[in-house]
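Hi,

Here is the structure I promised to pass on.

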Amino acid sequence: MNRVFVTIVNRHQDILRYIIILGSTLVISFFFPKSGIFKYDFEIGKPWKYDNLIAPLDIGILKTEQQIMEEKEWLLEGFSPYYRLDLNVAESQKKKFIEAFHQKLPEVRQQSADIDSLENLQLGLSILDTIFSTGIISLIDEHKSFPPSKEIAVLTQDNTADKKPLSELFSIKRAFDFAKDSLKAASRDALGFMLPLIERALAYNVFYDDATTKKFQDELFDNISLTRGIVQQGELIIAKGAIVTPEKYQMLVSFREEYEGNVFGMKKAQIIYFGNFLLTLIVLTILAVLLKVFSREVWESNRKHLLVYFLITVMIVLISTLVDTDLPILYAIPVCIVPIVLRTFFGTTLALHAHIALVLLSSFIVPDGIQFAFLQFIAGMVAILSNVRSYYWSQFFLSNGFILLTYLLGYFALAVMQEGTFHDINFANFGWLGLNVLLTLLAYPLVPLLEKGFGFVSDITLLELSDINKPLLKELSIKAPGTFQHSLQVSYLAEAAASEIGANTLLVKAGALYHDIGKMNNPLYFIENQHPDINPHDELTFEESAKIIIGHVKEGVHMAKKYKLPDVIIDFIRTHHGTTVVQYFYHSFLKNFPQEEADIEDFRYPGPLPYSKETAIVMMADSSEAASRSLRNPSSSEMENLVENIINSKIKENQLVNSNITFKEITLIKKVFKKMLNSIHHARIAYPESNE
C-alpha cells in the first residue's frame with residue numbers, strides 16, 4: 001500500500017494527464033451516435049458498388065416523407081376541426097339587448113303608444129335564443145375557404161361534440177338576415193324598432209379549439225402506417241452494379257433504419273458504447289503521443305494539456321447536440337475556433353494535430369461524415385496557416401476571409417462532383433457557411449477568457465504588454481529613466497536573439513521590458529540612474545549596498561503582482577540574475593577587509609535559475625548590455641570579447657543548466673549580441689595605416 005501511495009505521489013502529474021484523457025474519452029464517446037453505423041453509401045441514380053445485398057431479416061419498406069405528407073393531407077380532408085360553443089356569450093348579449101330595449105322603448109312609445117313592450121321583448125329574446133343556440137361561428141383564416149358542406153365538430157359545455165356542416169351555422173351576416181326575416185314574419189311594425197337592437201346584440205359564440213383539434217389530429221396521424229410493403233428475409237435488395245432507383249433507394253433507407261435501430265438483437269447499448277469509447281480512446285491517445293513528441297512543453301503542463309482536450313470535448317458535444325436537433329445548421333458549426341485558439345496559445349504544430357483529432361471524431365457523429373470532415377479539415381488548415389500574426393486585428397479578418405473562401409470553394413467542388421449538375425446544388429448551405437465564418441470570429445474574444453481561466457498568455461496580450469505607454473512602463477520611464485533605457489536596449493537584443501534561434505520573440509520582448517521594474521523604488525542606487533557626482537552607496541556598507549541591489553528582484557516581483565502581470569512575465573523578473581553574485585560589492589568587501597571572512601551568500605541573488613530559452617536569453621542580454629556601458633569608445637574586438645566573457649561566465653557559473661538552450665543556440669546569440677552592441681556603441685574596426 002505504501003509503495004502504491006509513493007508511486008501516486010511521485011507520478012501524480014502523469015496520473016492527472018491520463019485522467020484528463022480518460023475523462024474526455026468518456027464524455028465524447030457518450031455523445032457518439034447510440035445506434036450501429038451503416039457501412040454502405042448510396043445515392044439515387046448511382047450504381048451499387050458493393051456485393052449483392054440480401055435482407056438478413058424481414059424489413060418493412062418505409063414510406064417517403066412525400067408519401068406520408070400526402071396521406072396526412074388526405075386524412076385532413078375528411079377531418080372535422082373542433083370549435084367550442086360558449087354559452088356565456090348568449091347570456092351576456094341577451095342582457096345587453098334587454099337594457100338597450102328598455103332604453104329605446106320610451107322613444108318608440110312617443111311615436112306609437114299602443115306598442116306591446118312585453119310581446120316585442122319576448123320576440124327579440126326568442127330570435128336571439130334561436131341564433132345563439134345554433135351558433136355564430138368565428139372561423140379562423142385557414143378555414144374561411146371551407147365549402148358550406150364542410151363539417152365542423154361543435155363542442156358543448158359537457159364536451160360532447162356535434163358535427164354540423166358550416167351551412168347550419170350562422171355567420172354575423174346570416175344571423176342578421178335571419179333576425180330580419182323573423183321580424184318581418186312576426187311583426188312588421190316592430191321591424192324598424194327591434195332590428196337595430198338585435199343587430200347590436202349579435203356576437204360570435206362558437207370559437208376554434210386549437211388544443212382539442214391538435215389532439216385528435218395527432219391521434220389520427222398516429223394511426224398512419226410508416227411502412228408500405230415488406231422485404232422478406234433472404235430476398236435480394238439490390239445486386240452489385242445495379243442502378244439505385246427511387247424504389248431501391250427506399251428499400252436501402254429502410255434497411256439502414258432497421259440496422260441502425262436494431263443491430264440484430266445484440267446488446268446494442270453496451271456494445272456500441274464500448275466501440276465508441278475504444279474509437280475515441282485511440283484517437284485521443286494518438287493525440288497525446290503527438291503532444292509528447294512534438295509539443296513537449298504542452299505535454300508536461302497539465303493546464304495546457306487540459307485546455308487542448310477541453311476544447312476538443314466541448315466542440316464534439318456542441319456538434320453532437322446540434323446534429324440531434326435535426327436543424328439544417330450542420331455547416332454553421334464553427335469548428336475552426338478550436339485550431340485558431342490552440343494556434344494562438346501553442347503554435348502551428350499542436351493546432352494541426354488537435355484539429356486532425358477533432359475532425360476524425362466529428363466525422364463519426366454528423367451525417368455525410370466524409371464530406372463534413374473534408375470541408376472542416378481544409379478550412380482548419382487554412383485557419384492555422386493564415387493566422388500566423390494573430391495579434392493584429394486585420395489579420396483576424398483576413399484569415400476569416402480565407403476560411404470563407406475555402407469553405408465555399410470546397411463545398412461547391414463537392415456538390416458538383418456529387419450532383420453532376422449546377423442546378424441541384426443546395427445554395428442555402430452557402431449561407432450557413434457564411435454564418436459559420438461569422439461565428440468563428442468568436443475565437444478572438446474567447447482567447448482572453450481562456451487566458452484568465454487557464455492562466456495562459458497569448459501573443460495578443462504580450463503585444464499589449466510590450467506597449468511602452470502601459471502605466472507600469474510609463475512610471476519606470478519617469479522614476480528611473482536610465483533603467484528604462486537599459487530595459488529597452490535589453491528588449492532589442494533579446495528579441496533579435498530569440499528570432500535568430502526560433503524562440504518566442506514577443507514573450508522575450510515583454511519579459512525584457514519588465515525585468516528591472518523593481519529598481520523604481522530606489523532608482524538612485526543603480527548606476528544607470530545616478531548623477532556622476534552623487535553615489536548613495538558611499539554612505540552604506542558593502543553588505544547593505546548588496547542587499548539593496550539584490551532587493552530589486554523581490555521589489556520587482558511585488559510590483560508585478562500589484563499590477564497583475566502574468567506569471568510568465570514575473571518569471572523574467574525572478575530569473576534574470578539567477579543565483580549570481582553581486583561581484584562589485586563582494587570584491588570590494590574582500591579588498592577593503594582582507595582580514596574578515598565574507599559570507600558570499602550575503603552577496604548572492606536568490607534565484608531561481610532561468611528555466612527556458614526565453615528567460616536565459618534575457619539573462620544574457622541584461623548582463624551583456626549592462627557590461628557594455630562600462631566601455632568607453634570600445635573597438636569591435638573589445639566588444640566581442642566582452643560578450644564572450646559575459647556569456648561564458650554564465651555558463652561557467654551553471655546559470656543556464658535549467659534552460660533547454662543548446663551550445664549552438666548560444667553561439668548564434670553571441671553573434672547577434674556582438675553585432676547589435678557594436679552598432680549601438682558605434683564600435684570601430686581598427687584599419688591598418690596606409691603606406692602612402
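Below is what I found, going from overall confidence to individual spots.

First, a caution: this is a predicted model. The protein chain has a mean pLDDT of 85, with 91% of its residues at 70 or more. The stretch to treat with care is residues 683-692, where pLDDT stays under 50. For that stretch the model has eight contacts beyond four places in sequence.

Now for helix α15. It covers residues 369-385, which makes 17 residues. From first C-alpha to last it reaches 24 Å, close to the 24 Å expected at 1.5 Å a residue. Its buried residues are G369, Q371, F372, A373, L375, Q376, A379, G380, A383 and I384. I picked out Q371 from that helix. Its relative accessibility is 9%, so Q371 counts as buried, the cut-off being under 20%. Leaving aside residues up to four places away in sequence, what does Q371 touch? The contacts are Y331, Y411, L414 and Q418.

F274 sits in helix α10, which runs over residues 268-294. With 53% relative accessibility, F274 counts as exposed, because the cut-off for that is over 50%.

Then there are a few backbone details in the loops:

- G607 and P608 are joined by a cis peptide bond, with omega at about 10°. P608 is in the loop between α25 (583-592) and α26 (613-628).
- K564 is not a glycine, yet its phi is positive, near 60°. You'll find K564 in the loop between α23 (542-562) and α24 (567-575). Is K564 buried or exposed? Its relative accessible area is 74%, so K564 is exposed.
- N654 isn't a glycine either, and has a positive phi of about 60°. N654 belongs to the loop between α27 (636-652) and α28 (663-680). Its relative accessible area is 44%, so N654 is partly exposed; that class lies between the buried limit of 20% and the exposed limit of 50%.

Cheers

How values were computed:
Residues are numbered from 1 along each chain as its sequence is written. This is a predicted model: local features need pLDDT of at least 70, side-chain atom pairs count only at pLDDT 80 or more; totals for chains, interfaces and linings use all residues. Side-chain values use heavy atoms; hydrogens and water are left out. Helices (H or I, at least four residues) and strands (E, at least two) are DSSP runs, numbered from the N terminus. Buried means under 20% relative accessible area, exposed over 50%, partly exposed in between (1.4 Å probe, protein chains only). pLDDT is the predictor's confidence in each residue, from 0 to 100. Contact means heavy atoms within 4.5 Å. The expected span of a helix is 1.5 Å times one less than its number of residues.
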